[in-house]
Amino acid sequence: MDLKDLYQELILEHGKNPRKLGKFENFNKDAKDNNPLRGAKVNVYLELDEKRKIDDNRIEGSGCARAMSSEAIRTDRMKKKEEV
């Protein structure tokens with residue numbers, strides 16, 4: 001399997017089984033992103049600990065499967081990283 005096929009499979013998997021969707025009560029930081037070229041609008045919600053590391057994160061928004069999958073993948077990778 002080449003990288004393009006792997007990427008496509010990952011996008012499809014996130015499209016079928018979305019992760020990290022929806023606003024949650026304990027967020028203490030949020031941000032909005034709007035990409036009119038892709039037609040995506042995303043809100044990111046973060047729960048930061050006392051050291052400003054990400055304890056939890058979620059997204060909500062709208063856009064194509066590729067855009068929303070990319071955002072979901074990004075939330076997976078952000079966990080326990082420092083706030084930017």
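**Sheet, helix and core**

A: In this predicted model, helix H2 (residues 65–78) lies across S1, S2 and S3, and runs at about 175 degrees to S3.

Q: In what order do the three strands form the sheet?

A: The order is S1-S2-S3, in an open sheet with antiparallel pairing. Strand S1 (29–35) and S3 are the edge strands, each pairing on one side only. On average, neighbouring strands of this sheet are turned by 15 degrees against each other, direction ignored.

Q: Over how many bridges do S1 and S2 pair?

A: There are seven bridges between S1 and S2, in the antiparallel sense. Among the residues involved, Asp33 has Val42 in S2 as its bridge partner.

Q: What else is Val42 in contact with?

A: Leaving aside neighbours within four places in sequence, the contacts of Val42 include Ala31, Ile59, Gly61, Met68 and Glu71.

Q: Which residues make up the largest nonpolar core?

A: That core has eight residues: Val42, Val44, Leu46, Leu48, Ile54, Ile59, Met68 and Ala72. At least two residues come from each of S2, S3 and H2. S2 gives the most, with four residues.

Q: Changing topic, where is Asp49?

A: Asp49 sits in the loop between strand S2 (40–48) and strand S3 (54–62).

Q: Is Asp49 buried or exposed?

A: Asp49 counts as buried because its relative accessibility is 17%, and the cut-off for buried is under 20%.

Q: What lies 2.8 Å from a polar atom of the Asp49 side chain?

A: The backbone nitrogen of Lys51 is at that distance from the side-chain polar atom of Asp49.

Notes. Residues are numbered from 1 along each chain as its sequence is written. This is a predicted model: local features need pLDDT of at least 70, side-chain atom pairs count only at pLDDT 80 or more; totals for chains, interfaces and linings use all residues. Side-chain values use heavy atoms; hydrogens and water are left out. Buried means under 20% relative accessible area, exposed over 50%, partly exposed in between (1.4 Å probe, protein chains only). A polar contact is a pair of N or O atoms within 3.5 Å; within protein, one must be able to donate a hydrogen and the other to accept it, and residues adjacent in sequence count only if both atoms are side-chain atoms. Two strands pair if DSSP finds at least two bridges between them. Axes are lines fitted to C-alpha atoms, for helices over the stretch in contact, and angles run from 0 to 180 degrees between N-to-C directions. Contact means heavy atoms within 4.5 Å. A nonpolar core is a set of buried Ala, Val, Leu, Ile, Met, Phe, Trp, Tyr and Cys residues joined through side-chain atoms within 4.5 Å.
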